[in-house]
Amino acid sequence: MEKDKLFRPLNSIFDFTSLELNPPGELIVRNLSDMDFMYQDQDRVTEILQKNDPVIYRFYNVEIPETAGHLQHCVSMVFPGKIGREYYMTKGHFHEIEDTAEAYFTLRGQGRMVMQSTEGKTDIKEMKKGTITYVPPRWAHRCVNTGNQPLVFFAVYRGDAGHNYGIIEKKGMKKIILEEKGKPVIKDNPRYKN
Ligand code: PAN
Ligand code: ZN
């Protein structure tokens with residue numbers, strides 16, 4: 001990446017048919033094996049992984065200097081699917097710099113943003129085409145695709161925010177979203193480690 005002071009304006013374009021960003025910046029793909037331990041139904045995880053390793057989601061990070069004055073932005077897509085009754089979702093994270101917020105604009109699909117604060121409060125917001133979701137500082141965030149098409153969203157956050165995955169990897173999140181009678185329902189996570 002160019003040095004901060006040399007950085008120039010730039011444009012990227014997202015193609016809604018191919019679900020690709022051009023220029024792609026940094027593309028990150030997460031398969032089930034990258035987050036297998038996060039799902040409730042571990043028998044189902046084993047069964048699926050014996051056959052293949054589905055892509056759960058991917059995201060394009062536009063390459064922006066990771067410094068405070070810049071706005072990192074990205075387009076993410078969570079594919080439709082379930083592991084047992086649990087919908088495909090992102091790993092979820094806190095930001096390393098704790099006073100760093102984020103705004104999400106949903107471009108396509110249906111889902112939920114599951115949020116949890118460092119004090120242990122939880123909040124869940126609907127995501128659908130047109131929703132703008134604000135993630136305040138110190139709230140972990142995870143996106144869950146509850147629909148049958150890709151959930152696509154654009155997110156913007158401070159350049160130096162950083163990502164802390166470790167807490168959610170170790171503890172999980174308090175709330176999970178499962179399918180019940182064809183609809184998404186919010187449940188307490190029985191595997192949550194306080
Ligand atoms: C988003 C997420 C992206 C992927 O850009 O990083 O949707 O989710 P995970 O980072 O949890 O794998 C964001 O919140 N950035 O801060
Ligand atoms: Zn974030």
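I count Ala, Val, Leu, Ile, Met, Phe, Trp, Tyr, Cys and Pro as nonpolar, Asp, Glu, Lys and Arg as charged, and the others, Gly among them, as polar.

The model is predicted: local features need pLDDT of at least 70, side-chain atom pairs count only at pLDDT 80 or more, and totals for chains, interfaces and linings use all residues. Residues are numbered from 1 along each chain as its sequence is written, and chains are lettered from A and ligands numbered from 1 in the order in which they are written.

**Ligand 1.** I sorted its shell by class: five residues are nonpolar, six polar and two charged. Which residues come nearest? I found Cys74, Ser76, Thr90, Lys91 and Ala155, out of 13 around ligand 1 (a residue is near if its C-beta atom, placed from the backbone, lies within 6 Å). Strands β5 and β14 each supply at least two residues of this shell. Strands here are DSSP runs of E, at least two residues, numbered from the N terminus.

**The β5-β14 pair.** I looked at these two strands next. Residues 71-78 (β5) and 151-158 (β14) pair antiparallel over eight bridges; pairing takes at least two DSSP bridges. Met77 stands opposite Val152 of β14.

**The sheet.** I traced the order as β3-β4-β5-β14-β9-β12, an open sheet of six strands with antiparallel pairing. Its edges are β3 (26-31) and β12 (132-135), each pairing on one side only.

**The hairpin.** I then checked β10 (110-117) and β11 (122-128), which run antiparallel and are joined by seven bridges. Met115 has Asp123 in β11 as its bridge partner. Four residues lie between the two strands of this hairpin, and Gly120 in the turn has a positive phi of about 95 degrees.
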